[in-house]
Amino acid sequence: STTDDGSWQTALAGLREQLTTSASKDDCNLGLANGLWAPAGLPLLKQFGETVARSYGADLKQADFSQEESARTLINQWLRETTRQLFDVVVARGDITPDTHLVSTNALGFKGYWAAPFGAQQTLDEPFWVNPHTKIIAPMMWQRSTFPYRQFLFHFTDRVQILELPYAGMEFSMVLLLPEGIEGIIELERTLGRQKGKLDPWLGALRSQEVDVMLPKFTVGSRFQCADALAEMGVADAFSREDADFSGMRPDGGLFLSHMFHQALVAIDEFGAT
């Protein structure tokens, strides 16, 4: 990208403001928690804290990492309060040690209610394929209603159905893609990976129509320590004691990222997402 740092920071701040403003209007709960935790007692530049707060919505905090359990409890309590109780534990026991130097935490939680809720009495246990080789019995929700929907060709004659389920207030929605055939998801993932931006015109072509919707109730969560993934992407210096450059945070140096935690959780039921 040719965007300079100032424009990039302004764009991020604008996106965050748009999301949080929309969520507050729609009786939704959007919890964003970005924190950077440095060792307690270490002098830090005030300007750096102001920049990360303004541009990234992040808090610059300090914790005594020599007190592992107290530091872990402090970070988790901050995450819980910042996301309005959507998360309990992001930093697990044993993640913090006396050698911890700098910790980045990120959590994103969303709670919303369907504009057209499913009827709980219509939910029945039915077969559901979680991958091409594994079938389970899952509680399947059902309703017939009018939603944005359409079918598209994506790989020769392969078809994918795309359905948009709006949340109350209509500012947010969940988009579901259902390819034909049990193994269709593999080729669909390859197609979307090869053809960047293909999803946008599909979404723009959706049209409201009456649809029979069967959707499993499910909960799925992911917790990542991002250091290895970022290193594979070429972001390695920040995690190196020798090569990290956090002089904008502390001119004397000596800081490097020990951990970067990210957690996300999606739970779907008849009433919405929690």
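Let's start with Glu 187, which forms a salt bridge with Arg 194, the closest N and O atoms being 3.0 Å apart. By salt bridge I mean a side-chain nitrogen of Lys or Arg within 4 Å of a carboxyl oxygen of Asp or Glu. Before I go on: this is a predicted model, where local features need pLDDT of at least 70, side-chain atom pairs count only at pLDDT 80 or more, and totals for chains, interfaces and linings use all residues. Residues are numbered from 1 along each chain as its sequence is written, and side-chain values use heavy atoms, with hydrogens and water left out.

Back to that pair. Are its two ends buried or exposed? Glu 187 is buried, with a relative accessible area of 14%, while Arg 194 is exposed, at 53%. Buried here means under 20% relative accessible area, exposed means over 50%, and partly exposed is in between (1.4 Å probe, protein chains only).

How many salt bridges are there by this rule? The count comes to seven. One of them joins the side chains of Glu 69 and Arg 93, at 3.3 Å, N to O. Glu 69 sits in helix H3 (residues 68-82) and Arg 93 in the loop between H3 and strand S3 (103-113), so this pair ties together parts that are 24 residues apart in sequence. Helices (H or I, at least four residues) and strands (E, at least two) are DSSP runs, by the way, numbered from the N terminus. Glu 69 is partly exposed, at 33% relative accessibility, and Arg 93 is exposed, at 65%.

Asp 212 is in strand S8 (residues 207-216) and Arg 144 in strand S5 (residues 134-155), so the parts they tie together are 68 residues apart in sequence. Asp 212 counts as partly exposed, at 45% relative accessibility.

Last stop, Lys 61. You'll find Lys 61 in strand S2 (residues 58-63), partly exposed at 31% relative accessibility. What does Lys 61 touch, leaving aside its neighbours within four places in sequence? Lys 61 is in contact (heavy atoms within 4.5 Å) with Leu 36, Trp 37, Ala 38 and Trp 78. And Gln 195? From Lys 61 to Gln 195 we have 134 residues in sequence and 41 Å in space, C-alpha to C-alpha.
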